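Thanks for coming, everyone. Let me put the model up, and then I will walk through it chain by chain.

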Amino acid sequence: MTEFYDRYSAALYGVINRIVKDEEEAADVLQEALVKIWHSMASYDTSKGRLFTWVVNISRNLAIDKIRSRQHRVGSRTQGLDDSLAAQRQAAPETFRPEHVGLQEITRKLVPEQRQVIDLLYFGGFTQSEAAEELNLPLGTVKTRARTALKILAKLIR
Amino acid sequence: MEDFQTYIESGRLEQYALGELDPAAQAEVEAWAARSSQVRQELDELLDGIGFYAEAHAQTPPAALRDRVLRNVLAEIGTTAAVASAAVVSPAPAAPAPTMRVSASNPHLAKTAAVSPPVAQRSSWAIAASVALLLSLAANALLYSRWQQADSDLVAAQNSQARFAQTSQVMERRLSSTQEQLHVLRSPQEFKMVALAGTPAHADAKARVLYSATTHRVFIDVQNLPKLPEGKQYQLWALDKGKPVDAGVLAFATAAGDSLQQMKDIASAQTFAMTVEPTGGSVGPTLTTMTVVGNI
């Protein structure tokens with residue numbers, strides 16, 4: 001477990017923190033995620049993809065559940081979405097910190113529109129149709145952007 | 001071939017990669033990936049892309065967090081592991097430990113874990129528990145919204161109840177005054193009816209006084225009185241041996257003939273008369289304004 005923590009905590013914590021935007025809550029979610037990963041280890045299937053992808057997804061889903069339930073408490077869904085988008089816009093500059101070399105690399109490769117779509121979908125927990133509504137774009141455009149962005153990202157690894 | 005291309009273009013794979021699909025749809029994507037190497041390759045690319053994006057956001061958690069989180073996680077895992085091994089007799093208590101040594105380099109260890117019975121059993125329990133939890137969460141949300149609804153309904157009901165109580169109090173008061181008036185009218189032996197006729201200046205003015213010599217109570221009942229200008233009010237006088245005694249002013253509703261009005265008690269009188277006085281009444285009658293008069 002300790003080994004697992006040292007190997008993955010930075011990646012998981014980064015994603016969780018980017019979603020919940022609260023260090024205290026991020027720590028809680030990270031803990032929850034580790035317990036959940038441990039318990040669902042049996043259901044992990046190598047044919048479904050890399051272990052990394054799988055554990056990140058578990059953490060991400062927990063984090064998104066967290067902000068959803070938080071939004072639920074705050075008020076209506078629409079309001080919650082607006083809030084989260086506003087928070088995201090505010091949070092954006094912080095992701096340009098110099099220690100994130102990989103991130104800088106990415107921002108150079110992705111046009112802002114693609115990044116915005118991916119951020120909404122991945123860190124905001126939006127569905128593609130919700131993102132289309134939020135950005136006032138046709139669903140097709142959102143789909144294309146998401147797809148192109150993911151392709152570019154995939155090429156970066158190779 | 002054509003089909004795979006269409007499926008790849010459908011955007012399903014992106015949704016899968018972004019974790020937007022429900023388990024059924026996920027299974028569908030996985031089935032496609034298993035059937036077609038093109039789909040598989042495309043999906044892997046997308047997954048790697050998003051994985052890379054996630055990794056790019058890596059952020060080392062504060063050092064203080066490490067011990068705290070690890071301690072809590074181990075404590076939580078420890079208790080459930082103990083429960084699981086207590087339920088199943090065979091497994092060695094140390095069994096779960098090695099399976100944790102999973103990393104990107106040897107993910108297959110996770111698979112071996114799936115084969116061992118306690119883990120499998122635990123995972124089916126975990127699934128059952130998660131389903132139960134989800135159901136209870138949904139039920140909670142439903143109950144919560146119903147409760148909120150019931151709460152606001154209750155407030156509304158309490159408001160209207162208070163309104164009804166007020167109304168019924170008003171009705172009660174009106175009823176008792178009506179009953180009293182009725183009693184006055186139906187007791188001819190107790191109350192003497194004194195007809196007050198209009199003076200020559202106000203020939204069609206008409207009213208009557210109900211007077212009880214035993215209880216000294218006086219009621220006025222107006223049939224018809226001329227309308228008064230602003231600032232004026234009718235005042236009733238009792239004349240006892242030629243001396244005027246104030247019996248009180250008439251309320252506007254009484255002057256309009258809406259109801260009986262109880263006036264001041266009068267010990268003894270032979271004549272009743274009404275004059276027009278400034279609002280609030282006068283100490284002595286203004287005889288020139290006398291409107292009606294009548295003898296007992």
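Helices (H or I, at least four residues) and strands (E, at least two) are DSSP runs, numbered from the N terminus. On that basis, the elements of chain A run α-α-α-α-α-α-α-α from the N terminus on. That is eight helices and zero strands.

Some housekeeping. This is a predicted model: local features need pLDDT of at least 70, side-chain atom pairs count only at pLDDT 80 or more, and totals for chains, interfaces and linings use all residues. Residues are numbered from 1 along each chain as its sequence is written, and chains are lettered from A and ligands numbered from 1 in the order in which they are written.

Chain A, then. I call a residue buried if 20 or more other C-beta atoms lie within 10 Å of its own, exposed if 12 or fewer, and partly exposed in between, with C-beta atoms placed from the backbone. Of the 158 residues of chain A, 42% count as buried. Two residues are in contact if their C-beta atoms, again placed from the backbone, lie within 7 Å. Take the contacts in chain A with a separation of 6 or more: 55% of them join residues 24 or more positions apart.

Look at helix 2 of chain A. Its 18 residues reach 25 Å from first C-alpha to last, close to the 26 Å expected at 1.5 Å a residue. The expected span here is 1.5 Å times one less than the number of residues. Buried residues of helix 2 of chain A include Ala26(A), Val29(A), Leu30(A), Glu32(A), Trp38(A) and His39(A).

Now the core. A nonpolar core is a set of buried Ala, Val, Leu, Ile, Met, Phe, Trp, Tyr and Cys residues joined through C-beta atoms within 7 Å. The largest one has 62 residues. Which of them touch the most other members? They are Leu12(A), Ile16(A), Leu30(A), Leu121(A) and Ile50(B). Zoom in on Ile16(A). Leaving out residues up to four places away in sequence, Ile16(A) touches Ala26(A), Val29(A), Leu30(A), Ser59(A) and Ala63(A). Apart from this core lies another, of 29 residues, with Leu210(B), Tyr211(B), Leu236(B) and Ala273(B) among them.

On to the interface. Chain A puts 54 residues into the contact, and chain B puts in 51. Which helix of chain A gives the most to the side that touches chain B? Helix 1 of chain A does, with 13 residues. By class, that side of chain A has 29 nonpolar, 16 polar and nine charged residues. For these classes, Ala, Val, Leu, Ile, Met, Phe, Trp, Tyr, Cys and Pro count as nonpolar, Asp, Glu, Lys and Arg as charged, and the others, Gly among them, as polar.

Buried or partly exposed? Ala58(B) counts as partly exposed because it has 18 C-beta neighbours inside 10 Å.

Chain B next. It has nine helices and eight strands. Of its 296 residues, 24% are buried.

The eight strands form an open sheet in the order 5-4-7-8-1-2-3-6, with antiparallel pairing. Two strands pair if DSSP finds at least two bridges between them. Strand 5 (243–249) and strand 6 (261–263) of chain B are the edge strands, each pairing on one side only.

Start with strand 7 of chain B. Six of its eight residues are buried. Strand 7 joins strand 4 (residues 232–240) of chain B through eight bridges, and strand 8 (residues 292–295) of chain B through four. Follow Ala273(B). It is the bridge partner of Trp237(B), and Val293(B) is its partner in strand 8 of chain B. Thr271(B) bridges to Asn295(B), also in strand 8 of chain B.

Last stop, strand 3 of chain B. Six bridges tie it to strand 2 (residues 206–211) of chain B, running antiparallel. Arg208(B) stands opposite Asp221(B) there. The hairpin of these two strands has six residues between them, and His216(B) takes a positive phi near 65°. Strand 3 of chain B also pairs with strand 6 of chain B, over three antiparallel bridges. There, Phe219(B) has Gln262(B) as its bridge partner.

That is the tour. Questions, please.
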